[in-house]
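Here is a short briefing on a protein model.

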Amino acid sequence: MTNLLAIEQEFLGENINLSQATSLMTDINASEKTQFDKQVKLAQIMFEGFEWFKSADCKQAMEYQGIEMTTEDFYKRVFGYNKSFFYDMVKLGKYRVEQSNIVATYKRSCTNLEAQGEKVSRSVKGFLKFAKSVEDGETAEVESTSATLMTFSVKGDMFEDGKGASVRITADGKLHLSGDGDKIPHGVMQSFIDASRNILNS
């Protein structure tokens, strides 16, 4: 936020909690578990701030103050993020505000996998993928960071519902199914089950 002029910082600070956002951006480099929690809080500030920035009230107030700021200026100069990550954070913030149950379910799923000894990467991209699966009515699964050894996937355009499916096996011998398992050919699924047993028994 050091890229803002004093007048911009004062103006934006009246409607966006810039000091908390700055503090959270600094703290995000901490441990992974708390990092995601802080990203969620920051994402909410970014979502609410961006909604306000797009409003007619903001545009009118900026004009009155003599401040010109594009959307690109907003995400680059206020938060210091590139367009892609900024919009991912805004999406996460929207979930926190409008569907906090999905955020809670994602965090709980991560914690459950960690309790089983899995290494999990809590991330904005990981959450958005999880949330999309929930909204599409598919089985939402947190991905472990164990190395993937084999993957088989069937594209959604092969099915009337447009939803695909995939199965993968990781270095720890676990099978990970995404989507409807009935869409995976039986022989392929059996090969994955056999490979999983071989890894676990070796």
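A pocket is an open set of points on a 1 Å grid over the protein atoms alone, where a 1.4 Å probe fits, with protein on both sides within 12 Å along at least five of seven lines. A volume is the space filled by probe spheres set on the points. The model is predicted: local features need pLDDT of at least 70, side-chain atom pairs count only at pLDDT 80 or more, and totals for chains, interfaces and linings use all residues. Residues are numbered from 1 along each chain as its sequence is written, and side-chain values use heavy atoms, without hydrogens and water.

**Largest pocket**
- The largest pocket holds about 520 Å³ of space.
- Its lining counts 27 residues (an atom within 4 Å of a point).
- K129, S133, E143, S166 and S178 lie nearest the centre of the largest pocket.
- α8 gives the largest share of this lining, five residues.

**Nonpolar cores**
- A nonpolar core joins buried Ala, Val, Leu, Ile, Met, Phe, Trp, Tyr and Cys residues through side-chain atoms within 4.5 Å; buried means under 20% relative accessible area (1.4 Å probe, protein chains only).
- The largest core has 44 residues, and L12, L42, F74, F79, F86 and F127 touch the most other members.
- α3 (32–54) supplies the largest share of this core, ten residues.
- A second, separate core of eight residues includes V154, I184, M189 and F192.

**Helix α6**
- Helix α6 (a DSSP run of H or I, at least four residues) spans residues 83–98.
- Buried residues in α6 are F86, D88, M89, V90, L92, G93 and Y95.

Note on methods
Helix = DSSP H or I, 4+ residues; strand = E, 2+ residues; numbered from the N terminus. Expected span 1.5 Å × (residues − 1). Buried < 20%, exposed > 50% of the residue type's maximum accessible area, 1.4 Å probe, protein only.
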